[in-house]
Structures are given as C-alpha cells and as structure tokens.
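Subject: Structure for you to look at

Hello,

Please find the structure we spoke about below. My notes on it come after.

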Amino acid sequence: MAFLHKPPRITPPPEGRTGVLLINLGTPDDTGYFSVRRYLSEFLSDRRVIESPPLIWQPILQGIILTKRPFASGANYARIWHKEENASPLRVYTRRQAEGLAERLKADGVPVEWGMRYGRPSVTKALESLMDQGCDRIVSIALYPQYSATTTATANDQLFRALMRLRRQPAVLTVPSFPDHPAFIRALETSVQDRLAELPFKPQQIVASFHGLPKTCIEKGDTYRDECERTIAGLRVALGLSEEQMPLTFQSRFGPLEWIQPYTAPFVKALPAQGITKIAVIMPGFMTDCIETLDEIGNELREEFMEAGGEEFALVPCLNDSKAAIDLLEELSRSALAGFQRR
Ligand SMILES: C=CC1=C(C)c2cc3[nH]c(cc4nc(cc5[nH]c(cc1n2)c(C)c5CCC(=O)O)C(CCC(=O)O)=C4C)c(C)c3C=C
Ligand SMILES: [Fe+2]
Ligand SMILES: [Fe+2]
C-alpha cells in the first residue's frame with residue numbers, strides 16, 4: 001500500500017496539538033445532472049447505506065436509478081439552492097458551523113476543519129489540513145444527533161479509511177451520538193420557541209419528522225429509532241408537550257423496502273380530516289437544512305397538507321449556524337477535548 005500523506009508542512013510542536021473534525025453527509029456541487037449523478041452514485045454505492053450485494057444492486061443503481069433520478073433531484077435542489085453562496089444549503093451551513101466552532105476554540109489553539117462523507121470537501125483533505133496545522137490528536141464529530149450505521153458509522157469508516165493511508169497516524173477520538181444531550185435539547189427548544197414567537201398562528205400540533213431508515217436496519221441492531229425516541233422525549237419535556245401535541249414520524253423513504261413508521265406524509269395528510277389544520281414541523285434528525293427538510297417537507301409536504309385541507313403550515317428551521325448550534329458543538333468538543341488533550 002502507498003502511504004499518501006506527506007510529512008506535515010509545519011513540524012508539530014513537541015507537545016502536539018488537538019484539532020476538531022466535523023463530518024457531514026455530503027451534497028452535490030451543483031444542480032446539474034452529472035454532479036447530482038456523481039453524488040448519488042457515491043452515496044448509494046456505500047454498502048453501509050444499501051446492503052444488497054453489488055452484483056445485484058449496481059446494475060439497478062447505475063442502469064435504472066441513476067439515469068432518471070438525477071434530473072428530478074437536480075430540479076429539487078435548484079428550488080432550495082442557497083442563492084447568495086451558490087451552493088447547497090447542507091454545504092453552506094456545515095461550513096458555517098465549522099467556522100463558528102473554530103471561532104470559539106481559537107483562543108485554545110484548537111483548529112477546526114470540516115469534511116463530507118460523500119463528495120467535497122473530502123474527509124481526507126480535512127484530515128490533512130489538521131495534520132498540516134500540527135495536530136497529532138483529532139476529535140471527530142459526525143453531525144448526526146442520532147446514531148445509525150448508515151450515517152455515523154460510515155462517516156467514521158471514511159475517517160479511518162483515510163488514516164489507513166498514513167504512515168504517521170494521529171490519535172482519534174470519535175464523539176458518540178448525542179440524541180438527548182442537554183445542549184442539543186436546549187438548542188431544539190430554542191429553535192421551536194424562536195419560530196413560534198414569529199408565527200402569526202398557534203400550531204395545534206408540532207410534528208417531529210426524522211429521516212427514515214429501512215426496518216431491517218433496526219432489526220439487525222441499529223439504535224437509530226431508540227435514539228430518535230430519546231430526542232423527542234427530551235424535547236417534549238423541555239417544551240411541556242404531550243405525545244399528541246408533538247408526534248414522532250419518519251420521512252424520506254427510498255426504495256421498495258418497508259421503512260420505520262409512521263411515515264410523515266400520510267400522517268400529515270390525514271390531520272385536516274381530524275380537525276388539525278394548523279401545524280408546524282420540526283426535523284431534529286438533521287443538524288442543517290438540506291433537500292430533505294427544505295424541499296421534501298418545506299415544499300412537497302406543505303403542498304400535500306394544504307391540498308388535504310390544511311390551513312397553516314410552518315417549518316422550524318434546523319439548528320444550522322444558530323448560536324445554540326455552535327454552543328452544542330462547543331460543548332461536545334470541549335468535553336471530548338477534556339479527556340483527550342494533553343494537559
Ligand atoms: C437507503 C437509502 C437511504 C438511507 C438508509 C438513508 C439514511 C439517512 N440519511 C440521512 C440524512 C440525509 N439524507 C439525505 C438525502 C438522501 N438520502 C437518501 C437515501 C437514504 N438515506 C437519498 C437517496 C437522498 C438524496 C435525495 C435525492 O436528492 O434524491 C440528506 C440531504 C442531502 C442534501 O444534499 O441535501 C440528508 C441530510 C440520515 C440522517 C439517515 C439515517 C438515519
Ligand atoms: Fe438519507
Ligand atoms: Fe427526500
């Protein structure tokens with residue numbers, strides 16, 4: 001095997017430095033067919049995400065799904081593209097989270113970089129940049145509050161894949177998921193209260209919609225669903241809401257398998273018939289807004305709810321680069337650094 005990383009440009013100080021790496025999912029570079037295809041191909045070829053044998057899955061993916069879906073997805077991305085920065089919202093907010101955290105840790109001499117599991121900027125580049133800044137210890141935070149093999153584990157895999165190519169490896173601490181960390185619940189609570197304060201109506205329900213997962217993942221031991229329940233239990237207590245006032249649902253179903261239920265869209269479409277015509281939707285499985293929150297929920301679900309007789313529909317934005325989000329990242333970083341950094 002070739003060991004790729006060159007010796008760091010900066011000779012690490014004898015006492016070494018510790019850096020923080022944020023890893024998120026990844027997103028297309030632009031809304032065109034080829035960018036979206038490249039992104040979806042890398043994402044959906046990950047065997048942590050689709051476990052079917054490649055001999056069966058790859059012809060379906062490359063031959064059927066990737067000939068059509070990039071057109072539809074590209075059009076959806078175009079609807080939610082971040083105009084000022086001409087970039088995908090997921091990339092814009094992930095970068096801003098890293099910048100916000102870097103600002104907080106600057107005085108401690110702890111650099112922060114960010115990388116994507118799929119696409120750019122790569123985890124390898126982020127890791128190399130930290131090493132070039134003299135880091136021989138790295139705290140890595142996968143930006144998923146609830147653990148899943150399809151997200152957290154594959155983010156860690158990608159980091160360790162990069163480490164496999166290094167002769168001189170840094171020590172790495174991967175931060176555990178944080179579904180009911182007090183700072184996470186506090187950040188969600190703040191996001192709901194801020195949003196409710198600006199709404200011209202009072203929602204009868206705040207529907208909590210998490211990204212879904214094939215049921216088989218849970219049956220095989222993925223803790224994702226339990227962790228979503230922990231998040232929502234914590235948030236209900238914080239806001240003083242009952243299960244009826246803040247129900248839990250799962251969105252973004254993909255493929256023919258059964259996914260964990262209840263599914264968000266049928267659940268929400270059935271509400272007006274029960275007299276619930278004013279709702280807000282919160283998506284506490286996403287640290288940043290993205291196509292799944294802004295388009296699938298903000299555009300598609302809104303339309304479906306209104307067509308079913310809904311009157312008012314509001315989105316609670318994801319934590320994005322809010323102060324509470326940076327507080328959370330700072331707390332996660334500092335408690336990891338406390339046990340890991342040299343004294
Ligand atoms: C089998 C397929 C999928 C699994 C399992 C899955 C799990 C999973 N995903 C997220 C977070 C995000 N997913 C996003 C997009 C997205 N997800 C899938 C499929 C699976 N996800 C697809 C096909 C897509 C792309 C949709 C499209 O454009 O066609 C995103 C948004 C990315 C963006 O660029 O905005 C996020 C975030 C979680 C948390 C999760 C498991 C818990
Ligand atoms: Fe997904
Ligand atoms: Fe979706």
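Predicted model: local features only at pLDDT ≥ 70, side-chain atom pairs only at ≥ 80, totals over all residues.

Residues are numbered from 1 along each chain as its sequence is written, while chains are lettered from A and ligands numbered from 1 in the order in which they are written.

Domains and ligand

The domain assignment of the protein gives domain 1 (33–80) and domain 2 (182–315); such bounds come from an automatic or database domain assignment. Taken over C-alpha atoms, the centres of domain 1 and domain 2 are 25 Å apart. Four residues of domain 1 are in contact with four residues of domain 2, where contact means that two C-beta atoms, placed from the backbone, lie within 7 Å. On the side of domain 1 that touches domain 2, the residues are two nonpolar, one polar and one charged. For these classes, Ala, Val, Leu, Ile, Met, Phe, Trp, Tyr, Cys and Pro count as nonpolar, Asp, Glu, Lys and Arg as charged, and the others, Gly among them, as polar.

Ligand 1 has 23 residues around it, of which Thr27, Ser73, His211, Cys290 and Ile291 come nearest; a residue is near a molecule or strand if its C-beta atom, placed from the backbone, lies within 6 Å of it. The shell around ligand 1 is made up of eleven nonpolar, ten polar and two charged residues. At least two shell residues come from each of helix 2 (54–80), helix 5 (149–163) and helix 10. Helices (H or I, at least four residues) and strands (E, at least two) are DSSP runs, numbered from the N terminus. Because domain 1 (33–80) and domain 2 (182–315) both give residues to the shell, ligand 1 lies between them.

The annotated site

An unreviewed UniProt entry places the feature "binding site" at His211 and Glu292. They span 82 residues in sequence, yet no two of their C-alpha atoms are more than 8.1 Å apart, so they gather at one spot. UniProt positions are given in the numbering used here, feature names are shortened, and annotations may be inferred rather than shown by experiment.

Histidine 211 lies in strand 5 (residues 205–211) and is buried, with 27 other C-beta atoms within 10 Å. Buried means 20 or more other C-beta atoms within 10 Å of the residue's own, exposed means 12 or fewer, and partly exposed is in between, with C-beta atoms placed from the backbone. Leaving aside neighbours within four places in sequence, histidine 211 is in contact with Gln251, Ser252, Gly285, Phe286 and Glu292. Glutamate 292 belongs to helix 10 (residues 291–307) and is also buried, with 22 other C-beta atoms within 10 Å. Not counting residues up to four places away in sequence, glutamate 292 touches His211, Gln251, Ser252 and Phe286.

Helix 10

Helix 10 has a kink of about 35°, centred on leucine 301; the bend at a residue is the angle between axes fitted to the seven residues ending there and the seven starting there. Leucine 301 is buried, with 23 other C-beta atoms within 10 Å. Beyond neighbours within four places in sequence, the contacts of leucine 301 are Thr264, Ala265, Val268 and Glu296. Leucine 301 and valine 268 are 33 residues apart along the chain, and their C-alpha atoms are separated by 7.9 Å. After helix 10 comes glycine 309, with a positive phi near 110°.

Loops

Two peptide bonds are worth a look. The bond from arginine 120 to proline 121 is cis, with omega near -10°, and proline 121 lies in the loop between strand 2 and helix 4. The bond from glutamine 261 to proline 262 is cis, with omega near 0°, and proline 262 lies in the loop between strand 6 (248–251) and helix 9 (264–269).

Asparagine 86, in the loop between helix 2 and helix 3 (89–105), has a positive phi near 45°. With 9 C-beta neighbours inside 10 Å, asparagine 86 counts as exposed. Asparagine 320 has a positive phi of about 45°, but is buried, with 20 other C-beta atoms within 10 Å.

Regards
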